[in-house]
Amino acid sequence: MLERSLISKIDSREATVGVVGLGYVGLPLAVEFVRAGFHVVGFELARAKIEGVRRGMSHVGDVPNDRLAEAVETGRLVATDDFDRLGDADAICICVPTPLNKTGDPDVSYIMSVTDSIGRTLRPGQLVVLKSTTYPGTTRELLLPALSEAGGLRVGDDFFLAFSPERVDPGNPHWTISNTPKIVGGMTPACASAAVALFSTIIDNVIPVSSTEAAELVKLLENTFRSVNIALANEMAVVCDKLGVDVWEVIEAAATKPFGFMRFTPGPGLGGHCIPVDPHYLSWKMKTLDYKTRLVELASEINAEMPAYVAQKAADALNQEGKPVRGSRVLVLGVAYKPDVADTRESPALDIIRLLASKGAEVYYHDPFVPSLEHEGQALSSVTLDLGVLAATDLIVIVTDHSSVDYEMIRSSGRPVVDTRNVLRHDPVEEAPSAVQAAEAN
Ligand code: SAJ
């Protein structure tokens, strides 16, 4: 029984774990498996990342250098671009990107390239776990045939195949790999058992579901849930703006409801390579089945419209000052996709910069986490945030509310501000009595 021998190799830590893709998911996972006692081979295409890992220099914010160096010093973490060594691993976790291509459709080329490599060295007793977020059916329709045809091995008997989504909230100090419940869907019960055994060595709570499709959909539900609720918050921001009501007051008041409400906040749009992307994997798959996921798609549209909405608010704010956009100096404060991370992928700030520049504004940015930025072929550098810079600024647009920024300086500069994150925290109750207070006063 190959399943049993694999599980005993996992339990005894004799198993070698392969992690393909040493990014924000793969590198933390590799380090956790080393800390659990395994030999880990990290497979990565980028030479710079491989060299960095070997030197104990982390390229992932959630993995401090000392933690990586400690793992390397055990002698049980190696990084390589030699994918022929995939056959050495008893268990392989695929943690490669699943972006959208130019037409907005799923790009599973990274998954398929790795799967082909695994297929070339697939041997009896190996477990393969796909972790990349993808559309339901990917594991069964793409990976299973590619691996089964490779060497005539039978899934569930000769090799094991599962899907297990990552749940990483970059920058979140509280929820870590080990204390975040892990969902696992096996192609067969034996596949599920092997995957549960593997992740149970590093995660407190591992939960099997009945199929790989169920596991794939769990992840898409989690992230689509966020996209839809963020879209509602964004639509409420537009509604409140048109009604002259403070959306932040409304949300904070609604959030006092102890049941049946979950607080989401409006913003300049959706960033990161998950929430803006993942819902499109679901809607794309359903289109192939002639079903239009209208709510999912509408939410994505609303979120995607927010950068243009913010650019318009900026133009309106300049207009209030009697200044045209053209020639005005606009400081974008924060370009990462969310606070206290350095990642600018899909960041709405990039759209806002582009839109304002296209209207003729002289746009520059400050972000303590992002020293430089590639913008339409131009290299932009983060400017120092000081009174001199602020005095020469016609408008400040707060796009990302990093906690380390001196907002008191922003407020005291007296410059006009479009605050998409309510970080200047004007308290609407202090400024003007709410309807409730007005009623009570009468
Ligand atoms: N955002 C809002 N309003 C909100 C919440 C978020 O505008 O109320 C924006 C953020 O500014 C950001 C984007 O949405 O631009 C995504 O934010 P996020 O908090 O979902 O952060 P991600 O994409 O780094 O991580 C998410 C995980 N986040 C949380 O669970 C809080 C989780 O959904 C996934 O585990 C992860 O993506 C992933 O890798 O799929």
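D394 is buried, at a relative accessible area of 14%, where buried means under 20%, exposed over 50% and partly exposed in between (1.4 Å probe, protein chains only). The structure is a predicted model, in which local features need pLDDT of at least 70 and side-chain atom pairs count only at pLDDT 80 or more, while totals for chains, interfaces and linings use all residues. Residues are numbered from 1 along each chain as its sequence is written, and side-chain values use heavy atoms, with hydrogens and water left out. The points below cover salt bridges, the ligand site, a surface patch and selected local features.

**Salt bridges**

- A search of the whole structure finds 25 salt bridges, each defined as a side-chain nitrogen of Lys or Arg within 4 Å of a carboxyl oxygen of Asp or Glu.
- Side chains of opposite charge can pair when their charged atoms come close.
- D394 and K323 meet through their side chains in a salt bridge, at 2.9 Å from N to O. This pair links distant parts of the chain, 71 residues apart: D394 is in the loop between α13 (387–391) and β13 (395–398), and K323 is in the loop between α11 (294–320) and β9 (329–333). Helices (H or I, at least four residues) and strands (E, at least two) are DSSP runs, numbered from the N terminus.
- Whereas D394 is buried, K323 counts as partly exposed because its relative accessible area is 25%.
- Salt bridges that share partners also join E32, R35, R67 and E70 into one network.
- R263 and E252 form a salt bridge between their side chains, with an N to O distance of 2.8 Å. The pair links distant parts of the chain, 11 residues apart, with R263 in the loop between α9 (247–254) and α10 (278–287) and E252 in helix α9.
- R263 is partly exposed at a relative accessible area of 44%, and E252 is partly exposed at 36%.
- In the salt bridge between D88 and R85, the closest N and O atoms are 3.4 Å apart. D88 is partly exposed, with a relative accessible area of 43%, and R85 is likewise partly exposed, with 31%.

**Ligand site**

- Of the 19 residues around the ligand, those that come nearest are K219, N223, R226, T265 and Y337; a residue is near a molecule or strand if one of its heavy atoms lies within 4 Å of it.
- The shell around the ligand comprises nine nonpolar, three polar and seven charged residues. In this division, Ala, Val, Leu, Ile, Met, Phe, Trp, Tyr, Cys and Pro count as nonpolar, Asp, Glu, Lys and Arg as charged, and the others, Gly among them, as polar.
- A backbone N or O atom of T265 lies 2.7 Å from a nitrogen atom of the ligand.
- A polar backbone atom of G271 is 2.9 Å from an oxygen atom of the ligand, and a polar side-chain atom of K338 lies 3.0 Å from a ligand oxygen atom.
- Taken alone, the ligand exposes 740 Å², of which the protein buries 87%. Accessible areas come from the Shrake-Rupley method with a 1.4 Å probe; for residues, only the protein chains shown count as cover.

**Nonpolar surface patch**

- L232, M236, V239, L243, V245 and V250 form a nonpolar patch on the surface, with about 480 Å² of accessible area together. Patches are made of residues with over 30% relative accessible area and no salt bridge; like charges are joined within 9 Å, and nonpolar side chains (Val, Leu, Ile, Met, Phe, Trp, Tyr) within 5 Å.
- Helix α8 (residues 212–243) supplies the largest share of the patch, four residues.
- V239 is found in helix α8 and counts as partly exposed because its relative accessibility is 34%.

**Local features**

- Q126 is placed in the loop between α5 (109–121) and β5 (127–130) and is buried, with a relative accessible area of 0%.
- The side chain of Q126 reaches the backbone nitrogen of R123 at 3.0 Å.
- Most residues other than glycine have a negative phi.
- R13, a residue other than glycine, has a positive phi near 65°. R13 is found in the loop between α1 (2–11) and β1 (16–20) and is partly exposed, with a relative accessible area of 27%.
- D290 has a positive phi of about 60° although it is not a glycine. D290 lies in the loop between α10 and α11 and counts as exposed, at 76% relative accessibility.

Definitions and conventions:
A polar contact is a pair of N or O atoms within 3.5 Å; within protein, one must be able to donate a hydrogen and the other to accept it, and residues adjacent in sequence count only if both atoms are side-chain atoms.
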